[in-house]
Amino acid sequence: MFFIEQLILACNPYLVFICILGTILGLLWGSMPGISTTMSMVLLIGLSTQMSQDVAIMFLLGVYTASVFGGSITAVLINIPGTPAAVPTMIEGYQLAQRGEGGQALGTALVASFLGNWVGILILVAFIPLILLIALQFRSWEMFLLALWGIAICGTLTSGEAPIKGWISGWLGLLIAFVGLDNIYGVPRFTFGNVLLEDGISYIPVIIGFFGLTEVLWVLPQREPPVIPEKVDRVVPPFSMLWRYARASVRSGIIGTVIGAIPGAGGNIAAFVAYDVGKRRAKPEEREKFGKGSYEGIVCGEVANNACIGGTILPTLTLGIPGSPPAAAFMAALELKHVIMGPTINIENPGLVYFIYGALIVANFLMYVFGLLLVKPAVKLYSLPRTLLMPIIIPICILGAYAVRLSMFDVYVMLAAGFVGYALRSLGLPLAPMVLAVILGSLADENLRRALITFENKPFWYFLSSPVGTILMIVSVFTFYDGIFRRGRPKKKT
């Protein structure tokens, strides 16, 4: 009954109207080359600061849900993924578009996105009570280990065959997180006598710099204009065709949700893993179509990266650990409304979790409806030159960073993060582990020292007294072992 009440509240006409605005912005921004889901979320945080809590949730979830699908529009039509998670869709969809099946490919992507969101929502609804119960067992030592493992697994998953690069990125993020006054003793660290640094470095301008300004600096020199198709055939969701791929849809939905629940993994990894598994599990005649225009490939990628939305909400709500950069932006927006994520969220904010369920359901339906309506008009936006589009993003980045604390210092932090992010990206270092470490650094530091105070004068084996802590220690050690001795080992030539 409580869930039904919150769902009815989410269907309030004014809130639905706000969600429509977020959905339209998400579709348009997500479909623009170079503007990812993360970038869309972090740049629109500034707009949500003046909104009430419920309105901000509806607006941002509309943006989040729609921008994930929006990335597939350019991926199919002009071979440029609007978001990194749309790369598998680009591989298959663009080949279909060249054969005159662009509309059908987009319809398949839209229905797959709709189904993927439902998988994520259903798993979210089913398992949040269980995860909340487990989360209440987490104390200082367990929270430290969880933060450490989240940074480690993020570094391993985002750096391919060289996980050490991801770990280096994560350790650099921890150094940034340690700047400011110590939370326990109030001792300044890494401030170098600068009073402005005593408040620490907010992770919101860091996110905007890394995923906004860095993208501008990276994309702007690429002056090759995209080729716009002369026409787009009718967009009709092929339900009968998707029925043949029901097994692939369920499998990809589970993969997307599980990977989304891993801190820092996100839709990019979920889409690639599901696409790879789908290719391996496909029938021989369908497997031959992968890379040449496979509808099953589109289904696998789109279902996974949309199911990932529900997965990323799980650790964000229950543990206060964002499952992906867009979820980090969502968490940041709620923190501006004085909502503290974590095991006690249901106690401190009764009904909020169920309202987020309802908002996700409303946003998913609106994404489907407006996805059908706006695909063709959105194509006209792609003719906008990058040399004009990207400079427009820069003042938006500045406004987004300034709006958080109304501080020019945050703007300088954003600019510095943008240039540092560009340098790190040029060196092949992933940015996601650094951002996650900036977010989780204070959590890890504070809980580690609290745990050490608690364990003072206790025998060493006391660290193993908690079953949850012991499991997290084993998982963390295995993560480093796997990265060093398996992923880090060069492949043998055949």
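Phe114, Trp118, Phe365 and Tyr368 together make up one aromatic cluster. The structure described here is a predicted model, and eight aromatic pairs are found in it. A pair of aromatic rings is described by two quantities, the distance of the centres and the angle of the planes. For Phe478 and Tyr481, the ring centres lie 6.5 Å apart and the planes stand at 35°, so this pair is classed as tilted. Both residues belong to helix α22, which spans residues 467-487, and the three residues of separation between Phe478 and Tyr481 correspond to about one turn of the helix. Phe478 is partly exposed, with a relative accessibility of 45%, and Tyr481 is likewise partly exposed, at 39%.

Helix α22 also contains Val468. The relative accessibility of Val468 is 24%, a value at which the residue counts as partly exposed. Val468 and Leu146 are 322 residues apart along the chain, and their C-alpha atoms are separated by 9.8 Å.

At the level of the whole chain, the secondary structure consists of 22 helices and two strands. The chain has 494 residues, of which 56% count as buried. Among contacts with a separation of 6 or more, 80% are accounted for by residues 24 or more positions apart.

When residues up to four places away in sequence are not counted, Tyr185 touches Arg449 and Ile453.

In the pair formed by helix α6 (residues 87-98) and helix α15 (residues 295-318), the axes are 8 Å apart and the packing angle is about 150°. Because angles over 145 degrees count as roughly antiparallel, α6 and α15 are roughly antiparallel to each other. The crossing of α6 past α15 is left-handed. On the α6 side, the contact involves Pro88, Thr89, Glu92, Gly93 and Leu96, which meet Tyr295, Gly297, Ile298, Gly301 and Glu302 of α15. The residues of this contact of α6 with α15 comprise four nonpolar, four polar and two charged.

The other pair consists of helix α10 (residues 203-219) and helix α16 (residues 325-335), whose axes come within 10 Å and cross at roughly 150°. That angle makes α10 roughly antiparallel to α16. The crossing in which α10 passes α16 is left-handed. The α10 residues Tyr203, Ile204, Ile207 and Phe211 meet Pro325, Ala328, Met331, Ala332 and Glu335 of α16. By class, the contact of α10 with α16 has eight nonpolar residues, no polar residues and one charged residue.

In residue class, the contact of α6 with α15 includes four polar residues, whereas the contact of α10 with α16 includes no polar residues.

Technical notes: Residues are numbered from 1 along each chain as its sequence is written. This is a predicted model: local features need pLDDT of at least 70, side-chain atom pairs count only at pLDDT 80 or more; totals for chains, interfaces and linings use all residues. Side-chain values use heavy atoms; hydrogens and water are left out. Axes are lines fitted to C-alpha atoms, for helices over the stretch in contact, and angles run from 0 to 180 degrees between N-to-C directions. Helices (H or I, at least four residues) and strands (E, at least two) are DSSP runs, numbered from the N terminus. Angles under 35 degrees count as roughly parallel, over 145 as roughly antiparallel, 65 to 115 as roughly perpendicular and the rest as oblique. A crossing is left-handed if the near helix is turned anticlockwise from the far one by less than a right angle, and right-handed if clockwise. Contact means heavy atoms within 4.5 Å. Ala, Val, Leu, Ile, Met, Phe, Trp, Tyr, Cys and Pro count as nonpolar, Asp, Glu, Lys and Arg as charged, and the others, Gly among them, as polar. Rings of Phe, Tyr and Trp (its six-membered ring) pair if their centres lie within 6.5 Å; planes under 30 degrees apart count as stacked, over 60 as edge-to-face and the rest as tilted. Buried means under 20% relative accessible area, exposed over 50%, partly exposed in between (1.4 Å probe, protein chains only).
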